[in-house]
Amino acid sequence: MTPGVVTRIDFTAPPRWERAVLGAGATVVDLGGPASPLFHLLQARDPRAGEQVYLVDAVSGEEVAEQP
């Protein structure tokens with residue numbers, strides 16, 4: 001099992017930007033079968049899931065003031 005996390009990277013952010021959103025979860029890695037490794041993604045129920053945590057320019061690391 002991987003550690004639980006409280007944020008996820010949003011891969012739908014515009015190019016060059018890195019956006020993180022709330023979304024707690026974990027991954028279970030199953031190493032015991034013929035299709036090994038098999039990954040199971042678990043997401044916690046949270047009414048705030050998907051809310052933006054930060055938005056930065058991935059190259060400079062500077063915070064982006066607002067989305068286009």
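1. Let me start with a pair of side chains: Arg 48 and Glu 51 meet in a salt bridge, at 3.2 Å from N to O. The term is used here for a side-chain nitrogen of Lys or Arg within 4 Å of a carboxyl oxygen of Asp or Glu. Arg 48 is partly exposed, with a relative accessible area of 45%, and Glu 51 is partly exposed too, at 36%. For these labels, buried stands for under 20% relative accessible area and exposed for over 50%, with partly exposed in between (1.4 Å probe, protein chains only).

2. A word on what you are looking at: this is a predicted model, in which local features need pLDDT of at least 70 and side-chain atom pairs count only at pLDDT 80 or more, while totals for chains, interfaces and linings use all residues. Residues are numbered from 1 along each chain as its sequence is written, and side-chain values use heavy atoms, with hydrogens and water left out.

3. Now the overall layout. The chain has four strands and zero helices, giving the pattern β-β-β-β along the sequence. Both kinds of element are DSSP runs numbered from the N terminus: helices are H or I with at least four residues, strands E with at least two.

4. On to the totals. Of the 68 residues in the chain, 19% are buried. The accessible surface comes to about 5300 Å², and carbon and sulfur atoms hold 57% of that; the areas come from the Shrake-Rupley method with a 1.4 Å probe, and for residues only the protein chains shown count as cover. Among contacts (heavy atoms within 4.5 Å) with a separation of 6 or more, 42% are between residues 24 or more positions apart.

5. Strand 1 (residues 5-10) and strand 2 (residues 17-30) run antiparallel and are joined by five bridges; two strands pair if DSSP finds at least two bridges between them.

6. Which residue in strand 2 stands opposite Asp 10? The partner is Arg 19, and these two residues also form a salt bridge, with their closest N and O atoms 2.8 Å apart. Both Arg 19 and Asp 10 are buried.

7. How many salt bridges does a search of the whole structure find? The count is three. One of them joins Arg 16 to Asp 57, with the closest N and O atoms 3.0 Å apart. This pair links distant parts of the chain, 41 residues apart: Arg 16 is in the loop between strand 1 and strand 2, and Asp 57 is in strand 4 (residues 52-57). Arg 16 counts as exposed because its relative accessibility is 51%, whereas Asp 57 is buried because its relative accessible area is 13%.

8. Arg 8, in strand 1, is worth a click as well. Leaving out residues up to four places away in sequence, Arg 8 touches Arg 19, Ala 20, Val 21, Leu 22, Gly 23 and Gln 43. Arg 8 counts as partly exposed, at 31% relative accessibility.

9. Finally, Trp 17 in strand 2. Is this residue buried or partly exposed? Trp 17 is partly exposed because its relative accessible area is 23%. The C-alpha atoms of Trp 17 and Val 64 are separated by 8.1 Å, although the two residues are 47 apart along the chain.
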